[in-house]
Each structure stands twice: as C-alpha cells, then as structure tokens.
Amino acid sequence: MNIDDAADQAELVLAGRPVPRTWDRVRRYCGLEWSGGPPEVWAYGYYDTISTDPGAVDPLDVLSTAALHPGLSRADLAFFAEQRLEIEAWIAPLPLGLGLADADDATLEHLERLAVWPAAPTLALLSKVLHRKRPELIPLVDRHVVDWYRPVTGERSAPRAWPLLLRAMRHDLADNAQAFDTLGTATVSRLDQRMSDLRIADIALWMGSR
C-alpha cells in the first residue's frame, strides 16, 4: 500500500465523531490533487510554509496569520509589537517538540493563560500566531474548532471553551496517534514537511465546511 492509500484510510475521531476524508481535505488545502479536481490555492502557502525563529514573534508571524484571519486591525498589530517581549517570555518555558498529547497539567495551565491575556486581541488570532511558535503544542482555535468540540466542552465562546478544549484535544491526539502518524508521514512525502497533528486536525475540520 502506498502512502496516499494508507493516509486515505487514516480516519480521525475528534470529540467522539469521525472526521471523514481527512487526507483528501488536507491535500485540497495544501494545493495537491484531490478527489474533487485539480490543485487549489488556500492559505497553506502563505502560512504553513513560512518558517521563523521559534523563540521570537516577528512581523512575519503576524502577517502570515492574516491568510487565516483576515482583517487585522491597527490594534491587533500594535498588540504584537508592544507585547512582543512578554509573549516571547511566555513562550520560552515551552519545550520545542513537546506535543499536546504529552503535555502535563502544569503545561496546560500555562496554555490556559492565553484566554485571559490582558488587552489581547481575540483568542482566535492569538492562538494562530502562537501556533507557529509551538505547532505541536498550541492549537489553533476558531469557530469551526469550537463548534466541533461543543458537545464535549458545552461552550460556544472560545475563551470559555479553551481550558476544556485543551484537555479534549490532548485526549484526541493520544487516541488517534496511529492515524496522525500515518497522516504526518504523508505530509512529509507529499509536502516535504511534517505538518503537526494539531494543524492536520484544524485543516480537516475547516475544510469539512468548505
């Protein structure tokens, strides 16, 4: 069985529900041929392929996030410029390579602080910028993720859902480890980069509504 066939059979179960055609959705988002036709252009080339220093938050991190989060305001830009040192200090204790599936409760408590960061922009924007710094650990949170996990968290608001969402996703990453490993291997084969499990899950949920 080739890697595409194996990835096509790797079905994720998130928040107790199967996510169908995960690899097909990832292929479509990443500009590869997929079941519905020829390659398409989504945000992959403007967000996922851009690398920056994992210990620093620079303008490129914020600007690339605009591909996922259109309509950055002057206040959003000012926040990341003015709070850069504080954000980098918050990132520093989080080990590179640590996955959410292996994070302990103390690490989750550290992540929870994102939802109550003083004067921060929306949690959706903050998580998308900081996901770039620790892609295996910090989930991207947006309406499609909050809604999918609502049966587990019971929350419609991203900040209120965030602590429960972190724990639910930690559980799902561990439970789906084999499927994520297959899908991650496929991203290396087809995209020359190992897309994080959290990003694979995010794309699969997002593209399900497209």
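**Close-up views of a predicted model**

**View 1. Arg 150 and its salt-bridge partner.** Arg 150 is found in helix 10, which spans residues 150-153. In this predicted model, the side chain of Arg 150 meets that of Asp 147 in a salt bridge, with an N to O distance of 2.4 Å. Arg 150 counts as partly exposed because its relative accessible area is 24%, and Asp 147 is likewise partly exposed, at 30%. The C-alpha atom of Arg 150 is separated by 21 Å from that of His 69, a residue 81 positions away along the chain.

View 2. The structure holds 16 salt bridges. One of them joins the side chains of Arg 190 and Asp 4, at 2.6 Å from N to O. This pair links distant parts of the chain, 186 residues apart: Arg 190 lies in helix 12 and Asp 4 in helix 1 (residues 3-8). Arg 190 has a relative accessibility of 32% and therefore counts as partly exposed.

**View 3. Lys 128 and Asp 142.** The side chains of Lys 128 and Asp 142 meet in a salt bridge of 2.5 Å, N to O. Lys 128 belongs to helix 8 (residues 123-131), whereas Asp 142 lies in the loop between helix 8 and helix 9 (143-148), 14 residues apart. Lys 128 is buried, at 4% relative accessibility, while Asp 142 is partly exposed, at 25%.

**View 4. A salt-bridge network.** Asp 8, Asp 24 and Arg 27 are linked in a network of salt bridges.

**View 5. The crossing of helix 2 and helix 12.** The axes of helix 2 and helix 12 (residues 177-191) come within 11 Å and cross at roughly 30 degrees. Angles under 35 degrees count as roughly parallel, so the two helices, helix 2 and helix 12, are described as roughly parallel to each other. Helix 2 passes helix 12 in a right-handed crossing.

**View 6. Two loop residues with positive phi.** Most residues other than glycine have a negative phi. Ala 15, although not a glycine, has a positive phi of about 55 degrees; Ala 15 lies in the loop between strand 1 (12-14) and strand 2 (17-19). Arg 21 also has a positive phi of about 55 degrees without being a glycine, and is found in the loop between strand 2 and helix 2 (22-29). Ala 15 is buried, with a relative accessible area of 13%, whereas Arg 21 is exposed, at 54%.

**View 7. A nonpolar surface patch.** Leu 60, Leu 63 and Leu 77 make a nonpolar surface patch of about 270 Å². Leu 63 lies in helix 4 (residues 59-65) and counts as exposed, at 55% relative accessibility.

How values were computed
Residues are numbered from 1 along each chain as its sequence is written. This is a predicted model: local features need pLDDT of at least 70, side-chain atom pairs count only at pLDDT 80 or more; totals for chains, interfaces and linings use all residues. Side-chain values use heavy atoms; hydrogens and water are left out. Patches are made of residues with over 30% relative accessible area and no salt bridge: like charges are joined within 9 Å, nonpolar side chains (Val, Leu, Ile, Met, Phe, Trp, Tyr) within 5 Å. Accessible areas come from the Shrake-Rupley method with a 1.4 Å probe; for residues, only the protein chains shown count as cover. A salt bridge is a side-chain nitrogen of Lys or Arg within 4 Å of a carboxyl oxygen of Asp or Glu. Helices (H or I, at least four residues) and strands (E, at least two) are DSSP runs, numbered from the N terminus. Buried means under 20% relative accessible area, exposed over 50%, partly exposed in between (1.4 Å probe, protein chains only). Axes are lines fitted to C-alpha atoms, for helices over the stretch in contact, and angles run from 0 to 180 degrees between N-to-C directions. Angles under 35 degrees count as roughly parallel, over 145 as roughly antiparallel, 65 to 115 as roughly perpendicular and the rest as oblique. A crossing is left-handed if the near helix is turned anticlockwise from the far one by less than a right angle, and right-handed if clockwise.
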